[in-house]
Amino acid sequence: MSQRPNVLVVLTDDQGFGDCSFYGHPFLKTPHMDAIATEGISFEQFHVTPMCAPTRGAFFSGVHPLRNMALSTVDGRHSLRPDITCMPQAFADAGYRTGLFGKWHLGRNWPNRPQDKGFAQFRGHYGFGTTGISCHWNCDYQDPWLVDEQGAFTQAQGFCTDVFFNQCMDWIGDNDDPFYAVIATNAPHFPFWAPHDLTEKYKDTDNPEFFAMMENLDDNLGRMDSFLKDRSILENTIVLFFTDNGPVGGRSTYTAGLRGGKGTPWEGGHNVPLFVRYPNGGVDGGRVVKGLVTVEDLYPTLLEFCDVAAPENAEFDGMSVCAAMCGDEEQVKDRRLVVQIDRGSITPKSACIMWKDWRIVWSDSLYNVANDRHQDHQIAAEHPDVFYDMWSNYQQWFGPLHGPAEETLPEHIGGEQELVILDSSHAKGGTDGQGGVRTANQKRGKLQGPWLIEAHRSGTYQITLRRWPKESGLKLTEGCPPFATKLSGPPEPEGVAIPIAKGLLDVDGYQHQSAIDDDPCGINFEINLDQGRHEIRGLFADESDKPLCSAFYAEVTYCE
C-alpha cells in the first residue's frame, strides 16, 4: 500500500458553529463528528465566507473570493477564474484518484464543471441543493437525481446524504492507490426534508427536519469511520470536516454564543467548525489550534501534508498551517484576514476585517470577540488606534481588488461542450432555485438581466428559450402542481401558468422575436454571432409584446 496519505474532506451545508455537541448544543448529539475533534484537532478561529459557493471556490482554489471571482450564488458570480489550477487537479497530477460526491455549486458548463477542475469521478448536483435551478427538475432528497462526470443523470436510491457516503465508499473500494475524496452534502441546507423516523425524535423543536438531517449526517460519519477501519486505512487518511458558512436551520436554537448567521459579516456568519484527524501525521490528541485560520489555508496545507507540488501558476492567498496542526507551533502566526463576498454589491460594509481578537464590521464598528463573544459592545471610540490601523490596512488591500472583482465571468459557448445550458442563476437578477422558476420569480417583481457569454467560434448558434427545464416536459404556458417530498417536510410551491405567446431574445441590444411553433416547450432562434463576448437576454411576452416573465433556461448549440 502506498504510504502517501489519503484525503477525505466532508463539507456540510449551512451548519453553524453551534450545530454539534462538541460545542455544547443543548440536545443535538453528534458523537462521530465530535470524535474527529477529540481524536484529532479542532480550531478556535476557523473562518470561511458567509455563503456556500464562495467558500467552495476559496477552498478549491486557495484564493480569496475577491480574486478568484466566485463571489456569490447568483448573478453569474459563482464560477472560478479559468486560469486557476484547483486542488483536485493538483492531486490528480500527483497520481491521486479524485472524486466528488454531492454538491458542487461552482458552475454547470465547461470549463466550470467538477471534471474540468480535476475530479475524475463525480456523482452529485451542480446547484445549491437538489432543488437548485442547475439541478434535475423535481429532485427530492429521497432517491435524488444525480449527474455524473459525463453529464448523464441517473436516479439514486436512498436519502441523499446516505447516497453520497455510500457512493464514496464504493468508489474507494479495495483500491490501494491514494485518493482525494470530497463528500459535500447538501444537508442540512433547506428545503428541510428528512426521514420521518428521525424527524419524529425532534418533533418538539423549532425545526425537526433540520435536526433529523444533522443526526443522519453524524450517523454517516460513523459509518465512514467503520469503513476506514475495516480497510485498515484510517491511520493514514487525513479526515477534514468543516462547514461552508454560518447557521440557518439551527440559528434560533443554539449558536454557541456567536452573533449572526449565514450571509452576515458577524462572527456567526463565518466562524465555523474545522475538525482534522491524521494519526500517522501527528494530527491527534484533541488539541485546539489557536490563531486566525481561513478556508484558503486548506489547499496549501493539504499539499504539504501529502508532499504534492503546488501548481506552477499557484497564487495562494492562504498559507500552510501544517506546523500548527502537528503541534510544532503553539498557534498560527499573527496575521490579518478579511472575509468579504458579493452580497448585492462589493462594499466595505459587507466585510469583516480581522486581526487577533479584533473585528471591524459594517465598516464603522469595532468589537473584541475574546471579551465580547456575541459582539454586543461597539468599542471603536475606546480604541481608535486599533480601528484606524486595521481600517487603513484593509483599504490598502481592498483598493486594487475592488475594480476587477466587479467584473463578471462569461458562460462559454461554441467550445468543448456541445450543448450549453444557461440558467437564471447565470443572469443578473436571476433566481438560483426551482421555487423561483415555479413562481416565475414574481415575488421579486422584476425581470432578470442578460447572460454574459463568450463565443469561441464565429457562426450560427441555435438558442432555445425555456420557461421550464427540458426534462420537466412542461409546455411554456403550463403550470404545475406543488412538488411534495417523500420525506417529512413542506412541498415546493405550485408552478403558476403564464399565457406566453412569444419569445423575445435580445442580442447585444438588438431584439429578435419568435412565436411558439411546433415545439410547445421552447422557442427556437438561430443567431449569427462573432467570436468574442456578447450579452443575450431571454424574455417571454404576450400577444401585445408585453413581457410576462424571464426565460429561466436557454439551450445553446453551435450550428456552423
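1. Aspartate 423, contacts. Leaving aside neighbours within four places in sequence, aspartate 423 is in contact with Arg108, Ile133, Ser134, Trp451, Phe552 and Tyr553. This is a predicted model, and the points below should be read as comments on that prediction.

2. Aspartate 423, setting. The residue lies in strand 16, which spans residues 419-423. Aspartate 423 has 0% relative accessibility, so it counts as buried. The cut-off for buried is under 20% relative accessible area.

3. Helix 2. The buried set includes Arg56, along with Cys52, Ala53, Pro54, Thr55, Gly57, Ala58, Phe59, Phe60 and Ser61. Glycine 62 follows helix 2. Its phi is positive, near 70 degrees.

4. Helices 5 and 7, geometry. Two packed helices are described by the angle between their axes and the distance between the axes. For helix 5 (residues 160-172) and helix 7 (residues 208-230), the angle is about 15 degrees and the axes are 10 Å apart. Angles under 35 degrees count as roughly parallel. Helix 5 and helix 7 are therefore roughly parallel to each other. The crossing of helix 5 past helix 7 is right-handed.

5. Helices 5 and 7, contact residues. From helix 5 come Thr161, Asp162, Phe165, Asn166, Cys168, Met169 and Ile172. They meet Asn216, Leu217, Asn220, Leu221, Arg223, Met224 and Phe227 of helix 7. By type, the residues of this contact divide into 8 nonpolar, 4 polar and 2 charged.

6. Strand 21, faces. Strand 21 runs over residues 523-529. Which residues form its covered face? They are Ile523, Phe525, Ile527 and Leu529. Asn524, Glu526 and Asn528 make up the uncovered face.

7. Strand 21, pairing. Strand 18 (residues 459-466) and strand 21 pair in the antiparallel sense, over 7 bridges. Threonine 464 has asparagine 524 in strand 21 as its bridge partner. Asparagine 524 belongs to the uncovered face of strand 21.

8. Glutamine 378. Where does glutamine 378 sit? Its place is in the loop between strand 14 (365-368) and helix 11 (384-405). Its relative accessible area is 36%, so glutamine 378 is partly exposed. Not counting residues up to four places away in sequence, glutamine 378 touches Asp364, Ser365, Leu366 and Tyr367. The C-alpha atoms of glutamine 378 and tyrosine 367 are separated by 5.5 Å. Along the chain, these two are 11 residues apart.

Conventions:
Residues numbered from 1 in each chain as written. Predicted model: local features only at pLDDT ≥ 70, side-chain atom pairs only at ≥ 80, totals over all residues. Heavy atoms only, no water. Axes fitted to C-alpha atoms, helices over the stretch in contact; angles between N-to-C directions. Helix = DSSP H or I, 4+ residues; strand = E, 2+ residues; numbered from the N terminus. Parallel < 35°, antiparallel > 145°, perpendicular 65-115°, else oblique. Left-handed = near helix turned anticlockwise from the far one by under 90°. Contact = heavy atoms within 4.5 Å. Nonpolar A, V, L, I, M, F, W, Y, C, P; charged D, E, K, R; others polar. Buried < 20%, exposed > 50% of the residue type's maximum accessible area, 1.4 Å probe, protein only. Pairing = 2+ DSSP bridges.
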